[in-house]
Structures are given as C-alpha cells and as structure tokens.
Amino acid sequence: MNKLIGKLKSTGTLSKSEFIELIGCDKKTAEKLRKTAEAIRDEYYGHGIFIRGLIEFSNYCRQDCLYCGIRRSNKDCSRYRLTEDEILSCCKEGYALGFRTFVLQGGEDPYFNDDRMSAIIDMIKSEFPDCALTLSLGEKSYDSYKRFFDAGADRYLLRHETANAAHYARLHPASQTFENRKNCLYDLKKIGYQVGCGFMVGSPYQTAETLADDLLFISELKPQMVGIGPFIHHSETPFRDFPDGTLEQTLLLLSIIRIMLPAVLLPATTALATIHPKGRELGILAGANVVMPNLSPLGVRKNYQLYDNKVCTGDESAQCRLCLEKRMEAIGFHIVTGRGDPRQTPNNTKE
Ligand code: SAM
C-alpha cells in the first residue's frame, strides 16, 4: 500500500485496479492517506480555510435525478425562487461577513433563462468587483455557459455524479446521460471557467469499480474544484430506502483526491456535516480546505432539501459564519477573507 500512496503522490493517478485496491484499504492505510493529504494541503494552503457564500436561489428543477429531493417529480417539495433583489441582499449580507466568493446554486429552473441569468451575474459582478462568482446551475449549452462567462462568472460547479455510464443510467432518467454531463464539463473548461466536478459517496449501486472510474475521470479532467459528500436518502425519492454514504469512505476519498490534485479546492460539505456532528472538521483534517456556508434567506432554506435532515437550515448567515469560525479555530485553522483562487500548478492550469 505504501507503494501505491507513493505512486499516487508522484504521478497524480493510478491504474483502475490500483484505485480499487486503495479504495478497499484498511484503517491503517486510510490514516496514512489522511496524513499524506494533510501535509499536502498544508504545503499548498496552510491552515487557511476558504469560505464560499452559498445562495440557493431556486428549487424549481426540470430534471428528475432519482436521488434528489428537488427533482421534478417530487410533488411534496414547496417550490420557491428568489428575486434579483433578494439575491443581491444575500450578497450584501455575505460581503459584510467577509465572503468574497458567492455561489449561485439552483435546480435547472427555466425561469432563469440566459437573459435573466446574465443580468444577475452582471449585477453581482458590478456591485462586488472584488468577489468571485461561482455558478452551479446544471447542464446548459456551450453558448449559455459562454454568455455567463462573458457576463463575469468565474467558476462553475457541476458534479459529474458518476463517471460510469451504466451507473449514471441507474441514478438518472434516460434523458440524462453521462456523455452529456462530461461534454458540459469539457465545454466549461474550454471556455475558461475554474471547473468543479464531483460525486456522492455511497450513492445507490456505487461500487469500488465505479469509484475508481470517478477517480480516473478526475485525473483526466483535472478540475480546479472537486465536490464530494455522502449520499443521504430523501424520503420523497425512489431512493428513500437506500443506506446513506459513510463518514469513513467520504474522508478516505477526500484524502485520495487531495493527493491526486494537490492544489484542488476541496470543500468539507454540508452533507458531511449532516451525517456526523464533526463532519466538517473531520473533512478538513482529511485534506479539505473549503467550507460553503449558507447565505440563503432563512425563510426558504428548509425548502432546498436535497436530502433528509440537512443541517444549518435554521441559522442566520451571521450565526453560521461565527459558528464555522469557532469550529475551525477549535481544530487549529482559520477562515480566510478573499476570493480563494486555486494555487497555480502545472496540473490545474488551463490547457
Ligand atoms: N442543478 C445543479 C446541478 O445539477 O449541478 C445544482 C444543484 S444539485 C441539487 C447539487 C448537487 O446536490 C448534486 O450535484 C448532487 O450531487 C447533490 N445531491 C442531490 N441529492 C443528494 C442527496 N440525496 N444526497 C447527497 N447529495 C445530493
């Protein structure tokens, strides 16, 4: 196993069978991976943690992902969309709290067409020129992505969900394909965004083999960001009876990804905080360097319910910010006020 860790560190990747072996490793090896990942994160980012203010601006969605609580078919979901003014006041509040990256995330809501989206991007970038803007709006055409980029968006998060086409087909209706997801990610990269892919750990039908495909895909795409968190069931989806992903496997994969891509922006996600009271802290200690607290208005938070029992839906933004700061300080880390761009390395520069 030491050999595999050494190879991963020096080359940034492994063969599929080697990844499968590493994914199935024992606790001792997992701890070695964690320590290696920690050392790399410290070398690249020290103990500074980047914060992103997440604005969940719409839970309308035209897609029907089988795992997701805001899927089109969930008739129990009470739908909302924020107005431009509400979005802007989330940013204002976030700016005052030290956020210099805003993440606009939502379901694939046709109301927010290219004109409306571009106007919102322009409004935010004009008001906050020193901030980075990340979009997470799902699958769009090359031209739409280009318009948003030209309007000023800097980053785009689009989890690939699984890089195994057969597995992808079990998580989505036939109209959604891995091929399209992958094309979207390459389009985003080509346009010049800082790109984030990622997947749920422990999603239904996931195996060590599909996870190895995910890692191979990541090593091929070389994204600047990777978002991973445990799958958590939602009671109004077809996957209501599937078990949730585990803390241990999520931490292991965070460490592997940090070793593969030393400069990657890697969040300790809300889903991780949902399955364990110290999930965020443990994520940081496994190699993550980003947290994404919620800036959405309190009144709508409970409705952006991707999975059951999501944490942090009842706290004011200021409270969330303070709570995170304390949690980070308790483990010897501190929150950084700044855009939090990735460090440039030969692996993550634009190709
Ligand atoms: N519509 C955009 C998209 O498709 O990228 C952004 C919103 S989507 C809800 C954000 C992410 O939530 C998905 O990429 C998925 O990985 C995650 N997610 C959805 N349902 C989940 C669940 N039940 N457990 C954990 N994560 C989930």
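I looked up Asn309 and placed it in the loop between helix 13 (298-301) and helix 14 (317-330); helices (H or I, at least four residues) and strands (E, at least two) are DSSP runs, numbered from the N terminus. The model is predicted, so I took local features only at pLDDT of at least 70 and side-chain atom pairs only at pLDDT 80 or more, while totals for chains, interfaces and linings use all residues. I number residues from 1 along each chain as its sequence is written, and side-chain values use heavy atoms, with hydrogens and water left out.

Phi of Asn309 is near 60 degrees, a positive value in a residue other than glycine. Asn309 counts as exposed because its relative accessibility is 63%; exposed means over 50% relative accessible area, buried under 20%, partly exposed in between (1.4 Å probe, protein chains only).

I then checked Lys222, in the loop between helix 9 (208-221) and strand 7. Its phi is near 50 degrees, also positive. Lys222 counts as partly exposed, because its relative accessibility is 22%. For reference, most residues other than glycine have a negative phi.

Next I traced the open sheet: 6 strands, order 2-3-4-5-6-7, parallel pairing. Two strands pair if DSSP finds at least two bridges between them. The edge strands, each pairing on one side only, are strand 2 (53-58) and strand 7 (225-230). Strand 2 pairs with strand 3 (residues 101-106) in the parallel sense over 5 bridges. Ser58 has Gly106 in strand 3 as its bridge partner.

Last, I found Glu281 in helix 12 (residues 279-285). Glu281 counts as buried because its relative accessibility is 4%. Leaving out residues up to four places away in sequence, Glu281 touches Arg327 and Ile331 (contact: heavy atoms within 4.5 Å).
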